[in-house]
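Me: I'd like to go through this model with you, a few spots at a time. Could you start with the terms we need?

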Amino acid sequence: MRPLFLFLWLVASGSVCAQTTAPMAITPVALERALTSAPDHTAAKDLHQQVMRLFGKQNLLKGKASARIEGTTVAWAVMDPHPAQVVRADGTVVGHMTSLGDDGLQVLVKTVPNFSEFQYQIVAGGATRVGGMVHVENYEYTADSKRKKDVPQGRLEKFTWKDSRIFPDTVRDVTVYIPQQYQPDSEACLMVWQDGSRHVDPNGSMRVSVVFDNLIHQKEMPVTIGVFVDPGRQPNQKAGEKAKNRSFEYDGLGDAYARFLLEEILPEVQKRQKVKFRQQPEAWAIAGGSSGGICAFTAAWERPQKFHKVLSWVGTFVDIRGGNAYPYLVRITEKKPIRVYLLDGTNDLDNKFGNWPIANRMMEASLKYMKYDYRMDWTECFHGSKGMAPALPDALRWLWRDVK
């Protein structure tokens, strides 16, 4: 390989980085390109090091290297002296692996259809060396979910709430988004988010703070303060552990969570941040996904004079704590003054608690029957926030269309 061509190949594969001497971990897409170019000895040695970085040397040595996914491109790796292949659980061969050196390192890269999900095994010498699950779900963000030049950025303020009377012996983080356009002593709209920390993160999947910045700047939603509330952890839980009080707070019916917000969290936000909320119900919204989605609906259902707008994705309207009753309750209860946005996917959960797509279909049918102001968006998403994230800007435009 000529020196110039070698350099260009290394750049394309992610090997050359300005002011970086150590080889970088290659991405699955770049690895797929590199494997088609028959690199010479020097380039192959560098590629070997990058693959080791991508999968982790210790993971490879211990036979614990899981598949790496970028978009719809999947990469597998194993270290074994015998020729290896990747096989689906049904016995279908995905492909035979390519050797990258004398130490047994082998790789396979395949582009698979979007919304693929399958179990796999890496088989070598007649034995399974590695097993795992491939879960491919790829969406592209619109421009409104990306930082833009000259768009004012709101600030994020965070506090910890330990003094709940409604959910005693719990600790939680609350993050408050305050748009730059908010003027002290003025009143702003309000939007509360369950599972708040991960949704407000500008580098997370939902990027709510970035979307708020863009839509408020474009005057496609009103000046809105976001209150992002995490579920309650027990005081002895370690940082990063799943909040043990989440299902109790989110999945249960009744007005406890609405009271928690109205009596504890929102007054504390106003006191700490010196902000004011507009008092018309049309100026208040609440959002969440999964159990947070049914929680958002419950808060508006119980307090429609406060929360007029609901954003729920992959909502858990199944029989965990009685949420499967909602499609029937909606039909037999006098219509409430709330607006509801729902999103779900055909690949959502199906387990002992119920079938999420069917439950959301039933909610959709009941809202339609009762002539609610609602919108239902169907995707192919799995359970989680990946399907909602790129749809968020359009959903917020629809929810806030009547408020300036």
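Reply: Buried means under 20% relative accessible area, exposed means over 50%, and partly exposed is in between, with a 1.4 Å probe and protein chains only. This is a predicted model, in which local features need pLDDT of at least 70 and side-chain atom pairs count only at pLDDT 80 or more, while totals for chains, interfaces and linings use all residues. Residues are numbered from 1 along each chain as its sequence is written, and side-chain values use heavy atoms, with hydrogens and water left out.

Me: Okay, threonine 379: buried or exposed?

Reply: Threonine 379 counts as buried because its relative accessible area is 19%. It lies in strand 19 (residues 373–379), where strands (E, at least two residues) and helices (H or I, at least four) are DSSP runs numbered from the N terminus.

Me: And what does the side chain of threonine 379 reach?

Reply: The side chain of threonine 379 reaches the backbone nitrogen of cysteine 381 at 3.0 Å. Leaving aside neighbours within four places in sequence, threonine 379 is in contact (heavy atoms within 4.5 Å) with Tyr139, Leu343, Asp344, Gly345 and Thr346.

Me: Switching to strand 2, why is it described as largely enclosed?

Reply: Seven of the seven residues of strand 2 (residues 73–79) are buried, so the strand is largely enclosed by the rest of the structure. Thr73, Ala75, Ala77 and Met79 point one way, Val74, Trp76 and Val78 point the other way, and all are buried.

Me: Which way does strand 1 run against strand 2, and how many bridges join them?

Reply: Strand 1 (residues 68–70) runs antiparallel to strand 2, and three bridges join them; two strands pair if DSSP finds at least two bridges between them. Arginine 68 has alanine 75 as its bridge partner in strand 2. The hairpin of these strands has two residues between them, and glycine 71 there takes a positive phi near 65 degrees.

Me: What about strand 6 and strand 2, how many bridges there?

Reply: Strand 2 pairs with strand 6 (residues 105–111) in the antiparallel sense over seven bridges, and methionine 79 stands opposite leucine 105 in strand 6.

Me: Last one, where is arginine 321?

Reply: Arginine 321 sits in the loop between strand 15 (309–313) and helix 10 (326–332), and it counts as partly exposed because its relative accessibility is 41%. Beyond its neighbours within four places in sequence, arginine 321 is in contact with Ser247, Phe248, Asp251, Gly252 and Leu253.

Key. Polar contact = N/O pair within 3.5 Å; in protein donor to acceptor, adjacent residues only side chain to side chain.
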